[in-house]
Amino acid sequence: MAKVTAAELVAFAKSKLGVPYVYGMKGTVMTLAKYNELKALYGALVWDSDKNKVGKVCCDCSGLISWATGIIRNSQGYHDTALEVQPISTISKAPIGAAVWQKGHIGIYIGNGEYIAEDGSAYGCRRNKLSKAGFTHWLILKDIDYTVKEEDSEMVEQAKLIVNGKEYTVERILKDGTNYIKIRDIADVLGYEVTSKGSIAVLTKR
């Protein structure tokens with residue numbers, strides 16, 4: 001079975017905003033029997049007021065991701081099986097659809113410093129700012145495909161580049177409305193050799 005993509009996970013989470021939270025629920029309709037079973041199992045983690053949610057589709061924090069993927073894990077299970085575990089201070093490096101995690105809780109990073117999570121019985125599934133939450137890490141989940149498929153909207157054409165009044169012909173790449181000129185072409189015009197040091201381009205005067 002194909003993995004759920006990160007974009008699909010985020011879209012799924014957005015479609016579930018407002019779904020009530022009940023500890024132990026995984027995206028199914030809660031019956032009175034199920035409520036009583038969860039209350040007996042988990043005690044105070046299942047609120048007395050959660051009984052008012054009988055007859056509604058309910059979910060908990062890890063259940064939101066499990067509901068999307070069809071693979072049941074709890075929040076610790078997602079942490080322990082993650083392909084990467086990084087400190088929340090580096091969230092700017094996280095892809096959209098990464099999980100945000102703290103002990104006992106998990107959500108989904110949707111970009112711009114925001115996440116979606118089943119945030120507890122008082123809130124249900126909501127969108128919130130990371131700055132208002134206590135997440136300690138972000139995770140690359142093994143159950144999610146983070147491969148970004150870019151649309152093939154690249155066009156290469158000949159272009160003119162004028163340096164110190166002299167005209168040169170270079171290749172210009174037009175991609176998604178932005179013009180790019182290859183660094184090797186610019187280096188040739190300026191009289192530089194281009195080599196690389198890992199992912200860093202190195203220009204040396206000829």
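Me: Which strands form a hairpin with two residues between them, and which residue in the turn has a positive phi?
Reply: Strands are DSSP runs of E of at least two residues, just as helices are runs of H or I of at least four residues, and both are numbered from the N terminus. Here β6 and β7 form such a hairpin, with two residues between them. In its turn, N112 has a positive phi of about 55°. This is a predicted model, in which local features need pLDDT of at least 70 and side-chain atom pairs count only at pLDDT 80 or more, while totals for chains, interfaces and linings use all residues. Residues are numbered from 1 along each chain as its sequence is written, and side-chain values use heavy atoms, with hydrogens and water left out.

Me: How many bridges join β6 to β7?
Reply: In general, strands of a sheet pair through backbone hydrogen bonds, either parallel or antiparallel. Two strands count as paired if DSSP finds at least two bridges between them. Three bridges join β6 to β7, and these strands run antiparallel. Y109 stands opposite Y115 in β7.

Me: What is the order of the strands in the open sheet?
Reply: The sheet has six strands in the order β4-β9-β5-β6-β7-β8, with antiparallel pairing. Its edge strands are β4 (84-87) and β8 (125-129), each of which pairs on one side only. From one strand to the next, the twist averages 35°.

Me: Is S62 buried or exposed?
Reply: A residue is buried under 20% relative accessible area, exposed over 50% and partly exposed in between, using a 1.4 Å probe and protein chains only. S62, in helix α3, is buried because its relative accessible area is 4%. Its contacts beyond four places in sequence include K26, Y78 and I106. By contrast, I200 in strand β15 (residues 200-205) is exposed, with a relative accessible area of 54%.

Me: Which residues touch the most other members of the largest nonpolar core?
Reply: In soluble globular proteins, nonpolar side chains tend to be buried together. A nonpolar core is a set of buried Ala, Val, Leu, Ile, Met, Phe, Trp, Tyr and Cys residues joined through side-chain atoms within 4.5 Å. The largest one here has 35 residues, and V100, I106, L139 and L141 touch the most other members. Among the elements that each supply at least two residues of this core are α1 (6-15), α3 (61-69) and β6 (105-111). A second, separate core has seven residues, including V22 and M25.

Note on methods: Axes fitted to C-alpha atoms, helices over the stretch in contact; angles between N-to-C directions. Contact = heavy atoms within 4.5 Å.
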